[in-house]
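Subject: Structure handover

Hello,

Here is the structure for your files.

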Amino acid sequence: PRGPRRVRLRRRVGTMERLPPGEMDGSRVPGEDAASSGAWHRTRDGGSRREAWVKIARDIRVPNHYHALLELAGETPETAAQIEKDLPRTGATFAKQGFRLNPGEPTWRALRNILTAYAAHDPETGYVQSMNFQAAFLVLAGLDEEDAFWCLVALVTKIVPGYFSEGMAAAKLDQRVFSRLVHQHLPAVGLHLETIAPDNIVPAIISSQWLLTLFVNVLPAGATMRVWDRVFESETRAPLFACALALLEPAHDDILACDEMGETVELLQSLGQETQSDENAEEADNSAGGGAEDAAVRDADEVANVSLITRKNSEKTAEKHDTDASFSSASGKEDALIARMDAYLAGACAPLSFLKEVSRERGRRRRPSDDGLPEAVKRAVPAVTEIDELVDGLRSDLRDVVGEGALARADAE
């Protein structure tokens with residue numbers, strides 16, 4: 001699959017517009033309104049996402065660096081144009097969460113600052129499409145502008161390093177890891193996806209859509225927030241793979257029933273929205289509200305018509321029950337998804353196990369594209385071959401027999 005459009009900064013043309021004091025502090029989040037105030041700012045146990053998520057940037061944060069980038073941010077017309085073009089798309093995506101994004105508003109300026117500052121901070125990567133959704137999601141979670149910038153830096157450089165680099169070698173490596181994990185833990189699904197189209201095209205399409213976006217716009221916002229809670233807590237991308245397996249698991253039979261590539265891709269692309277509650281709830285609320293208005297009008301016009309009012313009230317009550325049931329059903333699906341994800345995180349996709357699988361993929365099933373992996377990725381997950389694991393196993397056996405001290409002396413000699 002083609003990678004997202006990237007735009008690099010090459011020259012300095014002025015300073016970025018900084019927000020007036022108080023418009024981007026911790027007490028007020030741009031985009032917040034009466035309908036969404038604080039809705040996504042806290043975890044299920046009441047903790048602050050802002051406080052929890054920013055910890056990931058504690059070792060990379062440089063005082064005053066962000067504001068210096070805003071003062072000295074260089075941008076090409078192409079960069080500015082692409083960011084301005086992407087901002088309305090971002091607003092439309094998050095509008096139903098009450099995320100206001102209109103020219104001249106604090107959120108608009110904040111996201112433009114964050115994205116332009118990132119492009120100046122990492123000119124080799126530049127601004128890449130999909131960063132706009134990730135930055136907006138950080139603001140939606142209650143982070144102020146500077147915190148959101150540093151968390152975006154951490155996501156790109158620590159969680160998914162190399163995903164947005166030229167050639168996307170790290171993303172291609174993780175596509176293979178995803179396919180391998182599916183084969184291991186959902187073998188029938190893995191075999192079916194492999195045989196329904198050549199070259200593992202289907203897993204590559206789906207994993208790129210799920211992983212490159214970090215599940216933003218794949219799952220409902222509430223579910224994605226909970227996935228990101230695990231990402232920031234573990235400081236790894238292992239939860240993304242655990243979530244992918246958790247999505248596939250209950251769809252096992254439906255996937256096997258697909259007999260052509262287009263049908264399979266369409267099914268897989270719809271899995272995330274099966275936990276969607278907002279649209280159904282909104283439709284039910286609108287329907288219930290319409291019933292109430294009709295009853296009020298008829299009551300004003302025909303005060304004596306008690307039977308009509310009674311019928312309308314009954315319909316309104318029934319519609320509210322349907323709304324409650326919709327919320328309950330959707331919440332139950334979301335909780336079930338997160339429970340499956342947590343089960344994988346405790347076992348097959350535990351962070352250390354996941355990194356070992358990445359190392360094995362690099363060592364045992366090397367591809368030419370791996371040559372393009374950033375040095376940071378190569379250091380973090382060194383290639384491990386079957387011979388390497390055999391040697392490690394022999395060393396472990398010897399350690400058990402002769403003891404650690406004797407083995408260390410033998411190595412020294």
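The notes below begin with the whole chain and then turn to individual helices and residues.

Please keep in mind that this is a predicted model.

Overall

The protein has 413 residues, and 46% of them count as buried. Its secondary structure consists of 19 helices and 2 strands. Among contacts with a separation of 6 or more, 79% are between residues 24 or more positions apart. The exposed surface comes to about 19,600 Å², of which carbon and sulfur atoms supply 52%.

Cysteines

Searching the whole structure for disulfides gives 0. Cysteine 243 has 0% relative accessibility and so counts as buried. Cysteine 258, with a relative accessible area of 5%, is buried as well.

Helix H7 and aspartate 174

Helix H7 covers residues 169-185 and includes aspartate 174. Is aspartate 174 buried or exposed? The relative accessible area of aspartate 174 is 0%, so this residue is buried. Leaving out residues up to four places away in sequence, aspartate 174 touches Tyr163, Leu211, Arg237, Phe241 and Val358.

Helix H10

H10 runs over residues 221-234, which is 14 residues. From first C-alpha to last, H10 reaches 20 Å, close to the 20 Å expected at 1.5 Å a residue. The helix is mostly covered, with 12 of its 14 residues buried. Just after H10, glutamate 235 has a positive phi of about 55°.

Helix H13

In H13 (residues 261-270), the buried residues include Thr264, Val265, Leu267 and Leu268. These residues lie on the same side of H13, because the arc they cover around the axis is only 160°. An α-helix has 3.6 residues a turn, so residues three or four places apart point the same way.

What do the buried residues of H13 pack against? Their partners are four helices: H8 (187-196), H9 (201-212), H11 (238-248) and H12 (252-257). The N-terminal end of H13 is capped by glutamate 260, which has a side-chain oxygen 3.0 Å from the backbone nitrogen of glycine 262.

Regards

Conventions:
Residues are numbered from 1 along each chain as its sequence is written. This is a predicted model: local features need pLDDT of at least 70, side-chain atom pairs count only at pLDDT 80 or more; totals for chains, interfaces and linings use all residues. Side-chain values use heavy atoms; hydrogens and water are left out. Buried means under 20% relative accessible area, exposed over 50%, partly exposed in between (1.4 Å probe, protein chains only). Contact means heavy atoms within 4.5 Å. Accessible areas come from the Shrake-Rupley method with a 1.4 Å probe; for residues, only the protein chains shown count as cover. A disulfide is a pair of cysteine sulfur atoms within 2.5 Å. The arc is that of the directions from the helix axis to the C-beta atoms. A polar contact is a pair of N or O atoms within 3.5 Å; within protein, one must be able to donate a hydrogen and the other to accept it, and residues adjacent in sequence count only if both atoms are side-chain atoms. The expected span of a helix is 1.5 Å times one less than its number of residues.
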